[in-house]
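Me: I have a model open on my screen and would like to talk it through with you. Could we take it piece by piece?

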Amino acid sequence: MSGAGTAIRCGETRRVQRWTTHRRSVGLARDELRAALAEWGLSAIEEPAVLVLSELVTNAITHAYVRGRDIETSFCRGPEGVRIAVDDADERRHPQMRTPGEAGGRGLVLVEALSDRWGVSARRGVGKSVWAVITVPGGRWR
Ligand SMILES: Nc1ncnc2c1ncn2[C@@H]1O[C@H](COP(=O)(O)OP(=O)(O)OP(=O)(O)O)[C@@H](O)[C@H]1O
Ligand SMILES: [Mg+2]
């Protein structure tokens, strides 16, 4: 597992939330991300960021379900944009890019296309953290 290149200094601008592994969590998490981006003046990247979050949360619920365990989202504002992480409780199965087809495989292709970088890191406790960084077009603004 690699966390290389993920360092974004968050300071106070970090939002961490827990969600049940129910499908409605996808929409609720999306609303929270929209609110965070608006507060941080990052609504310009709302569309790609919300799409990436949707895919990562859906994947955590679908492919990394562990009975009795929640998932966790964290949104972190950095100098270049936002880092989204979705933590799940399954450390045996990992995201794997597939050829998109009838059986799916579109989610990570979308994440790859819309994010600057993404990956999987160890998390505190049991499980893993799937993260993606989405940056404002045109680069750094401060
Ligand atoms: N959080 C995760 N934990 C474990 N396995 C995962 C996780 N996310 C993705 N995967 C694995 O990676 C594969 C590819 O994910 P991807 O999102 O591209 O496709 P999908 O979820 O199967 O279908 P789609 O997203 O198109 O509905 C999944 O089929 C699954 O095997
Ligand atoms: Mg998927």
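Me: Leaving aside its neighbours within four places in sequence, which residues is Glu 46 in contact with?
Reply: Happy to start there. This is a predicted model, in which local features need pLDDT of at least 70, side-chain atom pairs count only at pLDDT 80 or more, and totals for chains, interfaces and linings use all residues. Residues are numbered from 1 along each chain as its sequence is written, while chains are lettered from A and ligands numbered from 1 in the order in which they are written. Two residues are in contact if their C-beta atoms, placed from the backbone, lie within 7 Å, and beyond four places in sequence Glu 46 has such contacts with Arg 34 and Leu 37.

Me: Is Glu 46 buried, exposed or partly exposed?
Reply: A residue is buried if 20 or more other C-beta atoms, placed from the backbone, lie within 10 Å of its own, exposed if 12 or fewer, and partly exposed in between. Glu 46 lies in helix α2. Because it has 16 C-beta neighbours inside 10 Å, Glu 46 counts as partly exposed.

Me: And Leu 53, buried or exposed?
Reply: Leu 53 is found in helix α2; helices (H or I, at least four residues) and strands (E, at least two) are DSSP runs, numbered from the N terminus. Leaving aside neighbours within four places in sequence, its contacts are Ala 29, Arg 30, Leu 33 and Ile 84. Since 25 other C-beta atoms lie within 10 Å, Leu 53 is buried.

Me: At what angle do the axes of α2 and α3 cross?
Reply: Two packed helices are described by the angle between their axes and the distance between the axes. Axes are lines fitted to C-alpha atoms, for helices over the stretch in contact, and angles run from 0 to 180 degrees between N-to-C directions. The axes of α2 and α3 come within 9 Å, and they cross at roughly 145°.

Me: How do the residues of that contact divide?
Reply: On the α2 side, Pro 48, Leu 51, Val 52, Glu 55, Leu 56, Thr 58 and Asn 59 meet Gly 107, Leu 110, Val 111 and Leu 114 in α3. Ala, Val, Leu, Ile, Met, Phe, Trp, Tyr, Cys and Pro count as nonpolar, Asp, Glu, Lys and Arg as charged, and the others, Gly among them, as polar. The contact divides into seven nonpolar, three polar and one charged.

Me: Which helix gives the most to the shell around ligand 1?
Reply: A residue is near a molecule if its C-beta atom, placed from the backbone, lies within 6 Å of it. There are 19 residues around ligand 1, with Asn 59, Gly 104, Arg 106, Gly 107 and Leu 108 coming nearest. Both α2 (46-63) and α3 (107-114) supply at least two residues of the shell. The most, five residues, comes from α2.
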